[in-house]
Amino acid sequence: MSRRRPGPPRRGSAADGPGDREVTSAEATLLADHVGPGRGRPALDIGTGEGSLARRLHQLGYRTTGIDFAPSAIAAARNTQHGEGPAWYLMDFTSDDLGALPDPAYAVVACRLVYRWTDDKAAFLDRVRQVLAPGGTFWVVTEPAGRRQAHDPYRHLGISGAEAEILTAGWSVVRTADLDVLRCYALRP
């Protein structure tokens, strides 16, 4: 089973640690530029954590679903929501029945600070392709290896070049942009 490995707490700044930090304005601008306006189309945020990316997709007009296998993450996402917003579901994307998702296909499938934790990256990507609508965008925010200083205790968390190749293989469009230690990928079938 492919789950995120236990690690340091999911809060904080990506520059400081591997946490589930809020989406910065620069990251939000890149997201909007690459996925466009939602117009009520469905979006799925895998490994939503406290829901910051799901909320950004909702603000762009997507009908957003945030999923996470951790009950504490879903509780945090629900507890920090004010008014209308994403729907939150407890689900392990890597092993649960994808038919349990509220929509059969999504205009945007996103995973932020999650890809590096998946054990079987090829199987994970196959599942993403099963739920990504034709012409949709797979939005990935992750950290490449070697982006941190040698003395940084989180230096080991980045994905390798081989893992980045697995991520980008088989897509007709691959766009990337760098933010601090993170890299954003906009992938299309």
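Predicted model: local features only at pLDDT ≥ 70, side-chain atom pairs only at ≥ 80, totals over all residues.
The strands form an open sheet of seven, arranged in the order E3-E2-E1-E4-E5-E7-E6, and the pairing is mixed. Strand E3 (87–90) and strand E6 (173–179) are the edge strands, each of which pairs on one side only. From one strand to the next, the twist averages 15 degrees. In general, strands of a sheet pair through backbone hydrogen bonds, either parallel or antiparallel.

Strand E4 comprises residues 106–112. In the order of the sheet, E4 stands between E1 and E5. Its pairing with E1 is parallel and runs over four bridges. Within that pairing, Ala43 has Val108 of E4 as its bridge partner. The pairing of E4 with E5 is also in the parallel sense, over six bridges. Two of the residue pairs there can be named: Tyr106 has Leu132 of E5 as its bridge partner, and Arg112 has Val141 of E5. Strand E4 is mostly covered, with seven of its seven residues buried.

Helix H4, residues 121–131, lies across strand E1 (42–46), E4 and E5, and its direction is at about 140 degrees to E5. A further helix, H1 (residues 25–35), lies across E4, E5, E6 and strand E7 (182–188). The angle between H1 and E5 is about 160 degrees.

Thr137 has a relative accessibility of 4%, and because the limit for a buried residue is under 20%, Thr137 counts as buried. Apart from residues up to four places away in sequence, Thr137 touches His34, Val35, Ala107, Val108, Val109, Leu132, Ala186, Leu187 and Arg188. Among these contacts, His34 and Val35 belong to helix H1 (residues 25–35). Ala107, Val108 and Val109 belong to strand E4 (residues 106–112), while Ala186, Leu187 and Arg188 belong to strand E7 (182–188).

Ala133 also lies in strand E5. Its relative accessibility is 16%, so Ala133 counts as buried. With neighbours within four places in sequence left aside, Ala133 is in contact with Ala105, Tyr106, Ala107 and Pro189. Ala133 and Val108 are 25 residues apart along the chain, and their C-alpha atoms are separated by 7.8 Å.

The aromatic residues were then considered. A pair of aromatic rings is described by the distance of the centres and the angle of the planes. The structure holds three aromatic pairs. One of them joins Phe93 and Phe124, whose ring centres are 5.5 Å apart; their planes stand at 70 degrees, so this pair is edge-to-face. Phe93 is in the loop between E3 and E4, whereas Phe124 is in helix H4, so the pair ties together parts 31 residues apart in sequence. Both Phe93 and Phe124 are buried. Another pair consists of Tyr115 and Phe124, with ring centres 6.4 Å apart and planes at 55 degrees, so this pair is tilted. Tyr115 is buried, as is Phe124. Phe93, Tyr115 and Phe124 form one aromatic cluster.

The cysteines were also examined. A disulfide is a covalent bond between the sulfur atoms of two cysteines. The structure holds zero disulfides. Cys111 has a relative accessible area of 0% and is buried. Cys184 is buried as well, with a relative accessible area of 1%.

Helix H2 spans residues 52–59, and its buried residues include Ser52, Leu53, Ala54, Arg55 and Leu57. An α-helix has 3.6 residues a turn, so residues three or four places apart point the same way. After H2 comes Gly61, which has a positive phi, near 100 degrees.

Conventions
Residues numbered from 1 in each chain as written. Heavy atoms only, no water. Buried < 20%, exposed > 50% of the residue type's maximum accessible area, 1.4 Å probe, protein only. Contact = heavy atoms within 4.5 Å. Pairing = 2+ DSSP bridges. Axes fitted to C-alpha atoms, helices over the stretch in contact; angles between N-to-C directions. Disulfide = S-S within 2.5 Å. Phe/Tyr/Trp six-rings, centres within 6.5 Å; stacked < 30°, edge-to-face > 60°.
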